[in-house]
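Q: Please take a close look at a single part of this structure, the place where two chains meet, and describe it for a reader new to it.

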There are 2 protein chains.
Amino acid sequence: MAAVSSSRSLFKLLLPLLREPVRAFSRTAPAGGSVPHRAEGTGALTGAVDRFGGVTVQLSDAGLPADISESVFSDLLRDALVRWKAEGKVAVWLRVPISLSRCAAAASTHGFTFHHARHDHAVLALWIGEGQSRLPGFATHQIGVAGAVVDESNGKVLVVQDRNKTMNAWKFPGGLSDPGENIGATAVREVFEETGVRSEFRSLLSLRQQHNHPGAFGMSDMYIICRLSPLTYDINFCTQECLRCEWLELTELAKTSDTTPITARLARLLLHGLERGFDGIDLGLEELPAVYSGMFYQLYHRPIPQTLKS
Amino acid sequence: MAAVSSSRSLFKLLLPLLREPVRAFSRTAPAGGSVPHRAEGTGALTGAVDRFGGVTVQLSDAGLPADISESVFSDLLRDALVRWKAEGKVAVWLRVPISLSRCAAAASTHGFTFHHARHDHAVLALWIGEGQSRLPGFATHQIGVAGAVVDESNGKVLVVQDRNKTMNAWKFPGGLSDPGENIGATAVREVFEETGVRSEFRSLLSLRQQHNHPGAFGMSDMYIICRLSPLTYDINFCTQECLRCEWLELTELAKTSDTTPITARLARLLLHGLERGFDGIDLGLEELPAVYSGMFYQLYHRPIPQTLKS
């Protein structure tokens with residue numbers, strides 16, 4: 001049986017191009033087709049070519065008149081598409097500043113759709129190669145993180161009841177990760193914001209994946225629960241978000257009906273950890289250098305014995 | 001010390017509104033301010049109000065002329081903003097079909113920015129309440145999944161070398177999750193697409209979080225490695241994506257320099273599992289019903305003894 005190629009990874013490296021400044025809008029198409037010209041007026045639309053056969057046009061750097069009409073841009077794009085197809089290009093990316101949004105409408109008449117949009121610009125894409133589109137998608141998940149702050153001295157855990165829920169169930173304080181925020185940092189921050197309790201990250205305990213999430217604009221939700229250790233104990237909870245906040249016995253949380261299935265499940269997991277050692281339930285964190293960037297990433301997994309470690 | 005409210009969760013429930021059809025563009029503002037009128041022409045822009053004090057306007061259902069100009073829409077929006085602010089609204093959401101994209105440019109002159117865009121529409125937002133914006137963000141992470149298919153009979157694992165990388169390092173086959181696809185399903189699919197080997201999901205082994213990822217349009221990347229069991233053994237690898245594909249000894253993968261740090265790390269974790277039992281390194285999967293939807297979600301965590309299970 002032949003292996004089928006998904007090939008989405010092929011386009012992963014295309015993206016840095018979307019941030020590069022050199023794109024052009026020239027009066028005549030460049031002779032070689034690869035060196036972008038730059039001129040005011042209604043010349044040919046040109047873009048930068050990547051090694052996957054995609055073309056990226058940054059409209060903000062293309063020298064387009066600020067008041068270019070949808071029909072003029074549509075004509076430019078039509079001509080360019082004919083040229084790019086003849087050249088064997090497989091994909092076209094348009095980065096459209098919000099002030100030139102009318103160009104997105106014009107592009108849609110040629111089959112372009114939104115790939116994503118952020119703040120002050122939208123990115124549209126069109127597959128013009130053979131067969132099915134192999135364009136990569138955009139981010140699909142939001143990350144929510146909760147912190148189970150366990151007081152090992154008395155077997156209690158910090159729980160809250162949301163103010164804005166119809167059912168007042170005990171749960172671990174938590175919320176959405178900010179862009180660029182590490183999982184553990186979200187847990188510590190949200191616990192403090194909701195309860196006033198300072199804590200430190202110990203481990204990752206569980207991960208839940210849920211699709212078509214109503215709180216995620218129909219996208220997917222990843223809900224991660226971390227184990228934290230308390231640094232302070234006094235509760236000063238946020239009355240805007242929470243109705244109640246308490247240090248509750250884990251044994252109580254494990255059996256009460258006033259909680260969510262996942263919280264009850266985690267209470268039992270934590271009880272098991274409290275009795276037999278948290279090393280049986282924890283995923284530890286290590287930072288490792290990223291190969292390509294020199295930056296660090298955070299990796300979570302079960303412990304490896306020192307003898308095997310490296 | 002006062003607990004600070006993040007309150008992003010407050011807006012989570014606002015989103016289903018973005019899919020509701022009843023929005024209006026009326027010649028006169030509704031008397032009560034809450035029942036939307038509908039009329040062709042250039043009347044007042046109205047929207048649906050949610051319980052968080054946000055207003056959602058669906059431009060596709062607002063009865064706007066298809067050729068409405070940026071300046072006419074801008075005027076409508078200006079008047080509506082004055083009204084919504086006077087009414088104490090805190091946020092405005094505009095859902096803009098791609099064909100009316102010029103309205104996004106007009107909205108940007110009033111401070112609106114893109115919240116997100118997908119396929120044929122963009123969603124813009126503006127915070128008009130007191131203080132800092134409490135609007136929730138959009139999806140921040142792409143999910144990549146790799147499958148470590150371990151042949152327990154001989155201690156070998158299935159590895160590939162990418163065709164499109166400068167360094168030819170052994171790694172586990174994998175790729176990006178499709179929208180709505182479960183983690184285990186991505187692993188099994190990608191392994192088959194890249195190697196031709198059929199397998200089944202056993203457990204989640206590790207999770208890596210990396211921000212500002214060049215392959216994720218500058219967003220964050222979550223890379224999850226699963227343990228799989230082989231159902232077939234013959235390799236028929238995808239020559240478009242892979243340069244090589246082999247069943248390699250885990251002991252060899254753990255010590256070779258021709259691999260990535262994370263793959264070497266996971267090889268050692270798997271060796272440990274092979275020697276002492278995979279129950280020491282696995283996060284198991286269970287499906288639980290979602291409280292609000294009747295749908296199921298997938299939860300991964302360490303095992304809980306039967307006596308504590310429920």
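This is a predicted model: local features need pLDDT of at least 70, side-chain atom pairs count only at pLDDT 80 or more; totals for chains, interfaces and linings use all residues.

A: A:Arg208 stands opposite B:Leu299 in S16(B).

Residues are numbered from 1 along each chain as its sequence is written, chains are lettered from A and ligands numbered from 1 in the order in which they are written, and side-chain values use heavy atoms, with hydrogens and water left out.

In the interface as a whole, 114 residues of chain B are in contact (heavy atoms within 4.5 Å) with 114 residues of chain A. The area buried between the two chains is about 10,000 Å², and carbon and sulfur atoms give 61% of this area; buried area is the accessible area (1.4 Å probe) that two parts lose on being put together, summed over both. B:Phe114, B:Phe217 and B:Arg265 supply 9% of what chain B buries against chain A, more than any other three residues.

Four salt bridges are counted between chain B and chain A, each a side-chain nitrogen of Lys or Arg within 4 Å of a carboxyl oxygen of Asp or Glu. A:Arg102 forms a salt bridge with B:Glu70, with the closest N and O atoms 2.6 Å apart. Helix H5 of chain B (residues 261-276) gives the most to the side of chain B that touches chain A, with eight residues.

Note on methods. Helices (H or I, at least four residues) and strands (E, at least two) are DSSP runs, numbered from the N terminus. Two strands pair if DSSP finds at least two bridges between them.
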